[in-house]
Amino acid sequence: MTGAADSRWRVELVNDDVNIVCVVVHLLRTHCAFSESDATRLATEVDTRGRAEVGAFTDQGSAEELAVTLQRRGLTAVVRHDG
Amino acid sequence: MTGEAVWTDVSEDYFRAVLVPDGIALSMSANVAAVLANQAGKLIRFLETGEIERRRTGLLRRLVSQVDVERRMFPDVYRARAEADAFRERHAAALRDSAAAHRVRAWLTDTVDYIVPTDAVDDWLATFGPARFLTAPRTGTKSGMTVAWLNHVQHALVHALPQTH
């Protein structure tokens, strides 16, 4: 993962009616290396605003790899390309 | 249905996870173990062969197809359908990796002592996370009892993990 300013490939988590917050927080901690507080903030953002950015990369491959990891655990992840 | 004999045959279903020195001790009713093993088996068959149960859904009772299940289990990563399909094709091996589900099913069917190492919890999440979408959509309120149980299992496991994990 890189600084957001250098990144063009962003991974977003999208809200759904199936996943539960505590599991999302755990997955964001273990697979995106977020702290407990950041993971909780992002999971809350997904729940209240519908989506949240959980990864930013300079290359498409790394972004897709994270999307695969999250989808394999049942989360709804999308990849967005700036520009 | 009348008579007490009916009620004596009804046992409580449960799934409990408790942190112990060697990992997480699992305790579950025989029925829950059987259902979880069955769900893991269904996921394995879908990931490896694309096999799904014949089910009808929606107002028109349309038959659910293999593509329907694939798209709700692995929803479009890109807005453009062609790009999303290309993503699924590019990452087919990783998306359809059934190793975690095999390990979880083996635990459920072969193991007497249900102590799961904390590092193996991810296998359970990678099994019962996607398994929910064999039968349920991602949106709507009618996800059903199976999804409720699979969510309960994930919730119990995550809550049993040590805070530092």
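This is a predicted model: local features need pLDDT of at least 70, side-chain atom pairs count only at pLDDT 80 or more; totals for chains, interfaces and linings use all residues.
Local features need pLDDT of at least 70 and side-chain atom pairs count only at pLDDT 80 or more, while totals for chains, interfaces and linings use all residues. Residues are numbered from 1 along each chain as its sequence is written, chains are lettered from A and ligands numbered from 1 in the order in which they are written, and side-chain values use heavy atoms, with hydrogens and water left out.

Over all chains, the structure holds 19 salt bridges, a salt bridge being a side-chain nitrogen of Lys or Arg within 4 Å of a carboxyl oxygen of Asp or Glu. Side chains of opposite charge can pair when their charged atoms come close. In chain B, B:Lys42 pairs in this way with B:Glu53, with 2.8 Å between the closest N and O atoms. The two residues are 11 apart and link distant parts of the chain: B:Lys42 is in helix α2 (residues 30-49) of chain B, and B:Glu53 is in the loop between α2 and β3 (56-57) of chain B. Helices (H or I, at least four residues) and strands (E, at least two) are DSSP runs, numbered from the N terminus. B:Lys42 is buried at a relative accessible area of 17%, whereas B:Glu53 is partly exposed at 39%; buried means under 20% relative accessible area, exposed over 50%, and partly exposed in between (1.4 Å probe, protein chains only).

A salt bridge of 3.4 Å, N to O, is formed by the side chains of B:Arg71 and B:Asp85. Because B:Arg71 lies in helix α3 (residues 66-73) of chain B and B:Asp85 in helix α4 (residues 81-90) of chain B, this pair ties together parts that are 14 residues apart in sequence. B:Arg71 is partly exposed, with 30% relative accessibility, and B:Asp85 is partly exposed, with 29%.

B:Asp123 and B:Arg103 form a further salt bridge, in which the closest N and O atoms are 2.7 Å apart. B:Asp123 belongs to helix α7 (residues 121-131) of chain B and B:Arg103 to helix α6 (residues 99-110) of chain B, so the pair ties together parts that are 20 residues apart in sequence. B:Asp123 is buried at 12% relative accessibility, while B:Arg103 is partly exposed at 44%. In chain A, salt bridges with shared partners join A:Arg10, A:Glu12, A:Arg51, A:Glu53, A:Arg80 and A:Asp82 into one network.

Helix α7(B) is mostly covered, with 11 of its 11 residues buried. Among them are B:Trp124 and B:Phe128. Both residues are also listed, with B:Phe15, B:Leu26 and B:Leu36, as having the most contacts inside the largest nonpolar core, which has 71 residues. A nonpolar core is a set of buried Ala, Val, Leu, Ile, Met, Phe, Trp, Tyr and Cys residues joined through side-chain atoms within 4.5 Å. Helix α2(B) gives the most to this core, with nine residues. Leaving aside neighbours within four places in sequence, B:Trp124 is in contact (heavy atoms within 4.5 Å) with residues including B:Phe15, B:Leu26, B:Leu36, B:Trp107 and B:Leu157.

Strands β1 (residues 15-20) and β2 (residues 23-28) of chain B pair in the antiparallel sense over six bridges, where pairing requires that DSSP finds at least two bridges between two strands. The two strands form a hairpin with two residues between them, and B:Val18 has B:Ala25 in β2(B) as its bridge partner.

The contact between the chains takes 34 residues from chain B and 25 residues from chain A. About 2,500 Å² is buried between them, and carbon and sulfur atoms give 53% of this area. Buried area is the accessible area (1.4 Å probe) that two parts lose on being put together, summed over both. On the side of chain B, the residues that lose the most area to chain A are B:Val77, B:Tyr78 and B:Arg138, together 21% of what that side buries.

Three salt bridges are found across the interface. A:Asp16 forms a salt bridge with B:Arg138, with the closest N and O atoms 3.5 Å apart. B:Arg90, in helix α4 of chain B, is partly exposed at 47% relative accessible area. Not counting residues up to four places away in sequence, B:Arg90 touches A:Gln60, A:Glu64 and B:Tyr78.
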